[in-house]
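This briefing is intended for readers who have the sequence and coordinates at hand.

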Amino acid sequence: MNSPFDNQFKVPLDANKLSSLGFGTRSERRLSDLKNYFQNQERAEELIGEHDPVIYEVWELEYDKGGRGISLGTTTIYPGDVDGEFFFTRGHFHAKDDGDEVYIPLSGEGYLAVSTREGVSDLVALEVGLLYYVPGHLAHRTVNTGDSPFSFLCLWAPHIDHDYKTINESGFPELVFRSQEGIRVVKNPNYGK
Ligand code: S6P
Ligand code: ZN
């Protein structure tokens with residue numbers, strides 16, 4: 001197996017294979033790590049008490065900040081919801097506006113929610129086979145709207161600082177719920193509060 005420090009390696013575009021290469025770091029987020037992100041806090045507490053589900057897993061190869069290279073990571077969001085609100089990633093801003101990022105869906109079904117700091121937002125369906133360029137000034141969160149794991153690959157410059165505090169405090173302007181028609185997007189009544 002090649003070492004990432006050779007600065008030359010090839011990996012399959014498959015979340016499971018990427019994360020099992022033997023380098024990079026793996027982490028998982030359970031509902032207890034995200035409980036104040038979901039709309040129905042009471043239901044979130046109940047589910048945490050029952051089995052505290054894993055919401056998503058991340059495998060990352062992050063280069064030193066200020067160094068060379070391109071950081072990359074795969075995320076797999078498991079299918080599920082909290083009182084209808086689909087499982088999602090925490091979401092974050094990149095602290096610097098020049099911190100652009102590339103998203104490449106690998107499998108499953110999901111959406112990318114983006115927002116400016118002023119709360120101008122958009123929701124984009126992510127299609128396997130397409131590449132999505134996310135400008136650095138937009139907060140981004142992904143949502144699994146399907147019944148199977150939703151995986152994607154991200155590429156970003158090492159100098160990016162991830163700002164989680166802003167979204168943790170303000171939330172995202174739009175929320176995505178399960179409905180009979182598929183999905184239902186609602187305005188977040190607590191946004192910015
Ligand atoms: C990193 C990139 C992704 C996320 C991952 C988890 O810039 O946007 O790799 O880190 O999808 O989401 P979050 O919001 O918990 O970092
Ligand atoms: Zn990011």
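By class, how many nonpolar, polar and charged residues does the shell around ligand 1 have? The model is predicted, and in it the shell has three nonpolar, seven polar and two charged residues.

- The residues around ligand 1 include Val-58, Gly-73, Thr-75, Thr-89, Arg-90, Gly-91 and His-92.
- Glu-101, His-140, Thr-142, Cys-154 and Trp-156 are also among the residues around ligand 1.
- At least two shell residues come from each of the strands β3 (71–77), β11 (139–144) and β12 (150–156).

**Strand β1 and its partner**

- Strand β1 covers residues 25–30, and because the number of buried residues among these six is zero, β1 lies largely in the open.
- Six bridges join β1 to strand β2 (residues 54–61), and the pairing is antiparallel.
- Within β2, Val-54 is the residue that Arg-30 stands opposite.

**The protein chain overall**

- The protein chain contains four helices and 15 strands.
- Its radius of gyration is 16 Å, close to the 16 Å given by the globule rule for 193 residues, so the protein chain is as compact as a globular protein of that length.
- Taken along the principal axes, the box filled by the C-alpha atoms of the protein chain is roughly 50 × 35 × 30 Å.
- Buried residues make up 31% of the 193 residues of the protein chain.
- Among contacts in the protein chain with a separation of 6 or more, 66% are between residues 24 or more positions apart.

Note on methods. Residues numbered from 1 in each chain as written. Chains lettered and ligands numbered in written order. Predicted model: local features only at pLDDT ≥ 70, side-chain atom pairs only at ≥ 80, totals over all residues. Near = placed C-beta within 6 Å. Nonpolar A, V, L, I, M, F, W, Y, C, P; charged D, E, K, R; others polar. Buried ≥ 20, exposed ≤ 12 C-beta atoms within 10 Å, placed from the backbone. Pairing = 2+ DSSP bridges. Rg over C-alpha atoms; globule rule 2.2 N^0.38 Å. Contact = placed C-beta atoms within 7 Å.
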